[in-house]
Amino acid sequence: MRPAAIAHCLLVPLAGVAAQDATPAAREVAITFDDLPIAGVLPRDEASSRELTTKLLGAIAAHHVPVVGFVNENKLHTPGGEVDPHRVALLQRWLDAGLELGNHGYSHLDLNATPLDAFEADVTKGEAITRRLAAERGRPLRFFRHPFLHTGRDLETRAQFGRFLAAHGYRVAPVTIDNDEYLFAGAYDRASARGTRDDAARVAAAYVPYMEAKVAYFERNARDLFGRDIRHVLLVHANMLNADRFGDLASMFERRGYRFIPLDRALEDSAYQAEDTYVGSGGITWLHRWALTKRLPKTFFAGEPETPAFVADLARP
């Protein structure tokens, strides 16, 4: 969160948060992937998409991570509007691996820029195939992730949409560890496509150190808010960068003392009951929403790691 958007007041722990979560035996994190079946700035053919999925699911399995993957069902259709069975098969592989799928909207619309009725229709449209695939395996469709982390420009819209989600059996999937991983992934894709292997290797080498700096920053935010480590939720994407480097990312979390937990266990942490009245234009973490609701000072937000300039440059078309 940028300091210009931050209000001022005393830095105090959030009130009303139960103490039963204090000092867990180990740090815990739920890892979520957005934009399934695959994400990236460049199109991928069937073989490349299968390769990405195989690598990514293999790394997830190697570290025993109970992932939720959030689906945009428009990616399951051809330009002519027909369902592509090869793309659907990619989702089936996530389910066959014992992982969970969630709804990310059919076409990744922005709630801050879309009338509520149209946005709700897009959510309903975005569950047609995913709900069927999950039901075939006896699994419900339980979670919704807001595209862009935009939850509405006013409290009434947020409340109305929250009632819609509850009526359709969804819980919101919040995020406490956000990042610019998508820029790294874009830089990695573009450098790989250009054949500039040194650039691609440089991006990949910088990725996990950047993510570790982000994790440390949000750990500090959580301790400042709650006086303890909380059960975090990480947002990343189903891209080739993670297909190649998720094992290293998971190892970083393990080195920092984390165990991987399901999203529903993370949401049992009383931190997620903290008051949130944020309705700004930014797609920001729930830690920063809670802090803005409490009107914390700019110092709370200071020190957030920046994306390296060379990564941002390589990510440009």
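This is a predicted model: local features need pLDDT of at least 70, side-chain atom pairs count only at pLDDT 80 or more; totals for chains, interfaces and linings use all residues.
User: How do α1 and α8 pack, what angle and what axis distance?
Analyst: Helix α1 (residues 46-62) and helix α8 (residues 240-255) pack at about 25 degrees, and their axes are 8 Å apart. Angles under 35 degrees count as roughly parallel, so α1 and α8 are roughly parallel to each other. The crossing of α1 past α8 is left-handed.

User: Which residues meet there?
Analyst: From α1, they include Leu52, Leu56 and Ile60; from α8, Met240, Ala243 and Phe246 are among them. The contact residues divide into seven nonpolar, three polar and three charged.

User: Switching to aromatics. How many pairs?
Analyst: The structure holds 14 aromatic pairs. One of them is Phe119 with Phe144, edge-to-face because the ring planes are at 85 degrees, with centres 6.3 Å apart. Phe119 lies in helix α3 and Phe144 in strand β4, so this pair ties together parts 25 residues apart in sequence.

User: And Phe161 with Phe164, what are the ring distance and plane angle?
Analyst: Their ring centres are 5.8 Å apart and the planes are at 15 degrees, so that pair is stacked. Both sit in helix α5 (residues 155-167), three residues apart, which means about one helical turn separates them. Phe119, Phe144, Phe161 and Phe164 form one aromatic cluster.

User: Tyr106, buried or exposed?
Analyst: Tyr106 counts as buried because its relative accessibility is 14%, under the 20% cut-off. Tyr106 is in the loop between β3 (100-103) and α3 (116-125).

User: What does Tyr106 touch?
Analyst: Leaving out residues up to four places away in sequence, Tyr106 touches Asn72, Glu73, Asn74, His77, Asp122, Lys125 and Gly126.

How values were computed
Residues are numbered from 1 along each chain as its sequence is written. Side-chain values use heavy atoms; hydrogens and water are left out. Helices (H or I, at least four residues) and strands (E, at least two) are DSSP runs, numbered from the N terminus. Buried means under 20% relative accessible area, exposed over 50%, partly exposed in between (1.4 Å probe, protein chains only). Contact means heavy atoms within 4.5 Å. Axes are lines fitted to C-alpha atoms, for helices over the stretch in contact, and angles run from 0 to 180 degrees between N-to-C directions. Angles under 35 degrees count as roughly parallel, over 145 as roughly antiparallel, 65 to 115 as roughly perpendicular and the rest as oblique. A crossing is left-handed if the near helix is turned anticlockwise from the far one by less than a right angle, and right-handed if clockwise. Ala, Val, Leu, Ile, Met, Phe, Trp, Tyr, Cys and Pro count as nonpolar, Asp, Glu, Lys and Arg as charged, and the others, Gly among them, as polar. Rings of Phe, Tyr and Trp (its six-membered ring) pair if their centres lie within 6.5 Å; planes under 30 degrees apart count as stacked, over 60 as edge-to-face and the rest as tilted.
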